[in-house]
Amino acid sequence: MEVLLALAPDEESDAEEAERLTRRLLAELRELDVDVFRPVPVGQLPAGAKGSDPVTVGAIVVALSASGGVFTVLIDTLRDWLGRQSARHRISVTIDGDTIELEHATAEERRELIDGFVRRHRAGE
């Protein structure tokens, strides 16, 4: 399963800060049990993928193995990463044209939104 991640830093972030954020996110993702990471230039995002607006700096394609639970771990990692950031960054997660945007929200809002998204895509693991 391929998952497109698009990091959209807080609008007050400059290009250097956005680059730093992308590198930090990549470092955390590399610790997961995934097959492939590859940064994707914003201009080369797949058609229909959200996150191609000018403020999106980091786009990453993650290829997940078929082993169970990897997708859920990826989503939890993204949610935790966002929760540790002081600014209002967003990460769009796209699978087969279905996109969810993770950002600061109440814990209950995030849980409901993410649970529904994970249920829709868990069968692909």
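A nonpolar core here is a set of buried Ala, Val, Leu, Ile, Met, Phe, Trp, Tyr and Cys residues joined through side-chain atoms within 4.5 Å, where buried means under 20% relative accessible area, exposed over 50% and partly exposed in between (1.4 Å probe, protein chains only). The model is predicted, so local features need pLDDT of at least 70 and side-chain atom pairs count only at pLDDT 80 or more, while totals for chains, interfaces and linings use all residues. Residues are numbered from 1 along each chain as its sequence is written, and side-chain values use heavy atoms, with hydrogens and water left out.

**View 1. The largest nonpolar core, with 27 residues**. Look for L5, L78, I91 and V93, the residues with the most contacts inside this core. Two or more residues each come from β1 (2-8), α1 (15-29), β3 (58-63), α2 (70-83), β4, β5 (98-102) and α3 (107-121); helices (H or I, at least four residues) and strands (E, at least two) are DSSP runs, numbered from the N terminus. The top contributor is α2, with 7 residues.

**View 2. L78 and its contacts**. Setting aside neighbours within four places in sequence, L78 touches L5, L25, L29, I91, V93 and L102 (contact: heavy atoms within 4.5 Å).

**View 3. S92 in strand β4 (residues 90-95)**. S92 counts as buried because its relative accessibility is 4%. Its side chain makes a 3.4 Å polar contact with that of E101. Such a contact is a pair of N or O atoms within 3.5 Å; within protein, one must be able to donate a hydrogen and the other to accept it, and residues adjacent in sequence count only if both atoms are side-chain atoms.

**View 4. A63 in strand β3**. With a relative accessible area of 15%, A63 is buried too. A63 and E2 sit 61 residues apart in sequence, yet their C-alpha atoms are 4.4 Å apart in space.
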